[in-house]
Amino acid sequence: LTDWGDHGHTQPMSLSYPGLLTCAGFSWRVSTKSCISRDSSSQASMGDETSEWDDVDLAALLDIHLFEQKELGLGSLLTSLGTAYLRARAPPKFNRNGTFLFRFLIFDGKDTEIWKYLTEDGLIECHKCLREQQRQLARIVEQSSLNFEAQNASVVAEVELTIELALFACRLAIVQTRSQASIASLDPTQRSYVEDMLINRTDLANRLLPLLSKYKTVWDMRNRGGGFNDSISKINHVIDCLLRKK
């Protein structure tokens with residue numbers, strides 16, 4: 001199991017937790033759910049303890065063994081965030097070694113060209129899913145009154161930033177798919193509705209700019225300085241493309 005990035009290391013540590021925990025399971029007791037503690041009322045509904053895990057079991061394992069706070073629901077949020085990109089029904093080749101959303105944040109040249117292969121309906125469904133996850137995270141924070149262990153506070157900050165970046169990528173994809181235009185060809189003054197928001201090319205850049213300082217804050221929580229400049233340069237490139245004239 002490795003955790004690295006071919007374009008800097010844009011993803012925060014918490015996004016690797018489901019994969020790390022799954023690998024631990026494969027190395028230990030992949031055929032059993034007995035390490036998932038359940039109360040007596042849930043025993044009857046959990047089925048065969050020797051069957052394979054599903055997303056619900058993985059979320060439970062994250063809550064029990066990593067976050068140590070079963071009631072928060074961070075495990076469920078992480079696993080659902082990990083599959084949000086599937087709602088867009090993008091061609092599989094754009095979800096290899098990174099999702100299509102990731103590619104709208106990390107690309108070389110002037111454009112991704114991926115928008116040519118996406119559908120507006122799928123992207124809107126993905127956007128709605130991400131917005132719901134954003135609301136779910138807000139509920140988690142509200143219910144906990146911010147009484148997190150230090151690690152869990154870092155996870156919340158990382159997941160919050162990840163959702164915001166994914167929403168930006170999804171909005172850019174929607175605008176380009178709807179306009180059938182490269183970033184450089186988008187009219188900076190022509191606005192387009194994405195759910196309840198009216199945005200254009202300049203708005204997209206303005207929404208991404210504040211996330212740069214947030215990215216630095218989140219990075220410094222649990223990472224060394226090395227690699228930051230390389231990672232943030234990829235996001236800066238997106239902003240440059242949005243603000244660049246034809």
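Me: What does Ser231 touch, leaving out residues up to four places away in sequence?
Reply: Ser231 touches Gly8, His9, Thr10, Tyr215 and Trp219. Contact here means heavy atoms within 4.5 Å.

Me: Before going on, what kind of model is this?
Reply: It's a predicted model, where local features need pLDDT of at least 70, side-chain atom pairs count only at pLDDT 80 or more, and totals for chains, interfaces and linings use all residues. Residues are numbered from 1 along each chain as its sequence is written, and side-chain values use heavy atoms, with hydrogens and water left out.

Me: OK, is Ser231 buried or exposed?
Reply: Ser231 counts as buried, at 0% relative accessibility. The cut-offs are under 20% relative accessible area for buried, over 50% for exposed and partly exposed in between, with a 1.4 Å probe and protein chains only.

Me: Which helix is Ser231 in?
Reply: Ser231 is found in helix H9. Helices are DSSP runs of H or I with at least four residues, numbered from the N terminus.

Me: How do H8 and H9 sit relative to each other?
Reply: The axes of H8 (residues 201-222) and H9 (residues 228-243) come within 9 Å and cross at roughly 170°. H8 and H9 are therefore roughly antiparallel, a label for angles over 145 degrees. The axes are lines fitted to C-alpha atoms over the stretch in contact, and angles run from 0 to 180 degrees between N-to-C directions.

Me: What residues make up that H8 with H9 contact?
Reply: They divide into 15 nonpolar, 2 polar and 2 charged. Nonpolar covers Ala, Val, Leu, Ile, Met, Phe, Trp, Tyr, Cys and Pro; charged covers Asp, Glu, Lys and Arg; the others, Gly among them, are polar.

Me: Switching to the core. Which residues have the most contacts inside the largest nonpolar core?
Reply: Phe100, Phe104 and Leu130, in a core of 68 residues. The largest share of this core, 16 residues, comes from helix H7 (residues 150-179). A nonpolar core is a set of buried Ala, Val, Leu, Ile, Met, Phe, Trp, Tyr and Cys residues joined through side-chain atoms within 4.5 Å.

Me: And what does Phe100 touch?
Reply: Not counting residues up to four places away in sequence, its contacts include Tyr85, Phe94, Leu118 and Cys126.

Me: How many salt bridges does a search of the whole structure find?
Reply: 10. Each is a side-chain nitrogen of Lys or Arg within 4 Å of a carboxyl oxygen of Asp or Glu.

Me: Which residue forms a salt bridge with Arg222?
Reply: Glu158, with the closest N and O atoms 2.7 Å apart. The pair links distant parts of the chain, Arg222 in H8 and Glu158 in H7, 64 residues apart. Arg222 is partly exposed at 21%, while Glu158 is buried at 1%.

Me: What about Glu125 and Arg89, where are they?
Reply: Glu125 is in helix H6 and Arg89 is in the loop between H4 and H5, 36 residues apart. Their side chains meet in a salt bridge at 2.9 Å, N to O.

Notes: Helix = DSSP H or I, 4+ residues; strand = E, 2+ residues; numbered from the N terminus. Parallel < 35°, antiparallel > 145°, perpendicular 65-115°, else oblique.
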